[in-house]
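Open the model in your viewer and keep the selection tool at hand. The tour below goes from one selection to the next.

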Amino acid sequence: MGRNNKRGGRKGNKPKDDVYRTDLVEKSDMVNERFTTYYQSQKIVPEDEWDVFIETLRTPLPTVFRVAGSRQTAQSLNATLRDKHVPTLSNVVFEEQSIPPPVQIPWYPDGLAWQFNVPKKVLRKQPEFKEFHSFLVFETEVGNISRQEAVSMLPPLFMDVEPHHKVMDMCAAPGSKTAQLLEALHAQDTLTSTSIPSGLVLANDSDHKRTHLLIHQSARLPSPSLMVTNLDASIYPALKMPNGNRMETLLFDRILCDVPCSGDGTMRKNLGIWKTWQPMDGNGLHTLQLRILQRAMKLLAPKGRIVYSTCSLNPVENEAVIASALRSNPDFRLIDVSDKLPALQRRPGLSTWRPTDRSLATTYDTYDTFMATCADGETGKTKMTRGHWPPDGVEELQLSKCLRIYPHLQDTGGFFVAVLERIGDAIEAADVSSSSREKKREAEEPAEVPDSKKPRLDEEGGSENPTRSSETTAGADVTETTPKNLPPQRAPKQKKGEGGGSFKENPYTFLPPDDPSILSCLSRLRLTSNFPSSNILVRIPAPDPEADTSGPANVRNLYITNDLVKVLVQHNDYNRIRLTCAGTKVFTKQEAGRGADAQFRVLGEALPLVLPYTDPETIVDGEMGVLRTLVEKVYPLTIALPEGRFKEAMKERAVGSHIARFPRELDPILSHDLILPIWKSNASITLMIDKKAKSALSMRVFGKDITTPAEKREKDVKVEDDAMVIKVEDVEEGVAGDNPSGGLQEEEAAATGDSDTAMIDG
Ligand SMILES: C[S@@+](CC[C@H](N)C(=O)[O-])C[C@H]1O[C@@H](n2cnc3c(N)ncnc32)[C@H](O)[C@@H]1O
């Protein structure tokens, strides 16, 4: 992969279901003498293990997925897997071969991670696996399942995130670990009494397009505690927070540094690395990795914890970075995590290693012996620093507390994790912002990423996770203008050369709690008075001073944040921190059809946030027959719904957004009621979830996909034209709608659609 900033993947377009791409590559191609020479000399595994190590690297990686999302949904889905799918897949024979069912990964908490090793043709042709595959695809589409390499799930598990923690994910895109961090932050939520966590997950990535992928990935667990920024992590600016009447620097309790790396631990799926691997891949990344970790150290609160990780096996990218960082920051030490995840097989970090250069002619004991071999003028080109080598007194650093994960131990990719904690001077850390040292540093630091400092991006736009695709992302035709009476947050002018380049996000403006848009949501959706109305923000263009803004406010999307995110947004220039997302979208404006005003509806995936503030009386109970009709038809006419209490109740309801509840008895595996957003128009009632979410719901409740196929949907629309007042696109609008730069282009746009995830616990 060379000096990639990303792991895995392929050029920009939507990843295919490529579990078994490796079938297409001959084993004989999986050789690289440089790799063998280098790693044998590093003694990363004992000599008698080398053969099994390299042989495992040459075999395809099993397919691994994690049951994601909120705790209740995850547990219910996990039960479906365990009690329904696994028994069905247990005695499968294909072409006279017995095919093993999926198994739980032994070390993953609560058995939520699974793996299986089944050739693609089995998934495509064998009926039981075919059905299982559809289940996985649909649940992945709606974000309840995340396909992620097993080892990539590790770093968040060592972070011990709690709901009040301020967490930073420094190199976060495409966001599989951010999703885990958000799940941990929300771990105490139950969907009937959501306590919005008071903490924060600040996810950052220097690649703007990839921050939008990240926002999309995170949408599976819509969080008012999320912020996303687009900066070079190695020069991440201090964020300001008021404390009484003075400003302080925000310090984080937990920081994840999942840094860009050479990625040679992913060779089992990124087969190109076999061809290109050479030691300079890692050598060239060491300095950036170290700078990112050192920046994290500066931003960490006393007693805080940093997890540093790579999917590289190279000590230069791993132990050498940790050693240099510890040497430069005596306030830090490695934590012994040997008692954590006891079923995880691991090897200790190395205390000796011998870097080499492009020639690979020899490895060098020390920096000085290496430098002695360089001709004058060559030294600058080597990119080698003293920090590439083990420092004097390396034993004191106890690098053996780092974790090395090798592919042959538990049939995974290769990975490295180090867990560090700050033990030092609390006062110095807490006061860092007011010290002249910090002020000086801030003055010296550019606020944004200068182009010259931007990390190298390789051609491939791949991700560890498959991107979810969604259908049309067009939004309802409602134009946004500046709301009345708002102090507009003006986009500060970008100074030339500050690297603002493509950063064209709309400002973030909090509405006053008595703004008409909010009052309309409260009254139409009958929300209780304790709804956090003062934490609602809008993303609207900065007003044009020439334009007449005296017209009525016309806001399309309302976002909700928690108190901490609100304070940070209000006290930090969004342009300086290149803020791409704050909080989560919760209401969106919907055209209401003939003669009626547009009004807000709650987004399906945001329902868990709104439910605790919803008067239970306003939720309409439905029967199985009703759910079937709503799932089957695109625009079912109200008069055509099965007779019963749902139909009677809905006749009385006003046109607009409502919430329906379908009882858990509908499916013996469901551990909770289904609560779903619906929209009543003049003549029809629509389930406000997108096609893929509907299909996933259908598979789960009815055992098959009974939704109207795309070709037939057109026809249905024509037949029911009169009744139709909302468009399919209204249900499936994209999250990039607030970004004047359009968010993502072409192929990425497909990955930004609101999933409107429908599976809500009641
Ligand atoms: C290994 S990937 C991160 C994977 C991610 N943590 C996940 O689990 O989905 C490394 C990421 O670092 C980003 N990156 C590279 N250089 C960076 C820098 N200087 N600052 C911040 N992010 C950087 C890349 O764009 C890439 O998305």
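This is a predicted model. Start by selecting helix α10 (residues 280-299) and helix α11 (residues 319-328), whose axes come within 9 Å and cross at roughly 40 degrees. The two helices, α10 and α11, are therefore oblique to each other. The crossing of α10 past α11 is right-handed. To see the contact, show the side chains of His286, Gln289, Leu290, Leu293, Gln294 and Met297 on α10, then those of Ala320, Val321, Ser324, Ala325 and Ser328 on α11. Sorted by class, this contact of α10 with α11 has six nonpolar residues, five polar ones and no charged ones.

Next, go to strand β8 (residues 200-204) and pick leucine 202 within it. Is leucine 202 buried or exposed? Leucine 202 has 29 other C-beta atoms within 10 Å, and 20 or more count as buried, so it is buried. Leaving aside residues up to four places away in sequence, leucine 202 touches Met168, Met227 and Thr229. Now draw a distance from the C-alpha atom of leucine 202 to that of threonine 178: the separation is 8.7 Å, although the two are 24 residues apart along the chain.

Move on to an open sheet of five strands, in the order β18-β19-β20-β22-β23, with antiparallel pairing. Select β18 (508-510) and β23 (599-602): these stand at the edges with a single partner strand each, so one side of each has no neighbour in the sheet. From one strand to the next, the twist averages 35 degrees. Isoleucine 536 has isoleucine 560 in β20 as its bridge partner.

Finish at strand β26 (residues 674-680), where seven of the seven residues are buried. Leu674, Leu676, Ile678 and Lys680 lie on one side of β26, and Ile675, Pro677 and Trp679 on the other; both faces are covered.

Which strands pair with β26? Strand β25 (residues 656-662) pairs with β26 in the antiparallel sense over seven bridges, and histidine 658 stands opposite isoleucine 678. Strand β27 (residues 685-687) also runs antiparallel to β26, joined by three bridges. Here tryptophan 679 has threonine 686 of β27 as its bridge partner. Trace the chain from β26 to β27 to see the hairpin that joins them through four residues.

How values were computed:
Residues numbered from 1 in each chain as written. Predicted model: local features only at pLDDT ≥ 70, side-chain atom pairs only at ≥ 80, totals over all residues. Axes fitted to C-alpha atoms, helices over the stretch in contact; angles between N-to-C directions. Parallel < 35°, antiparallel > 145°, perpendicular 65-115°, else oblique. Left-handed = near helix turned anticlockwise from the far one by under 90°. Contact = placed C-beta atoms within 7 Å. Nonpolar A, V, L, I, M, F, W, Y, C, P; charged D, E, K, R; others polar. Pairing = 2+ DSSP bridges. Buried ≥ 20, exposed ≤ 12 C-beta atoms within 10 Å, placed from the backbone.
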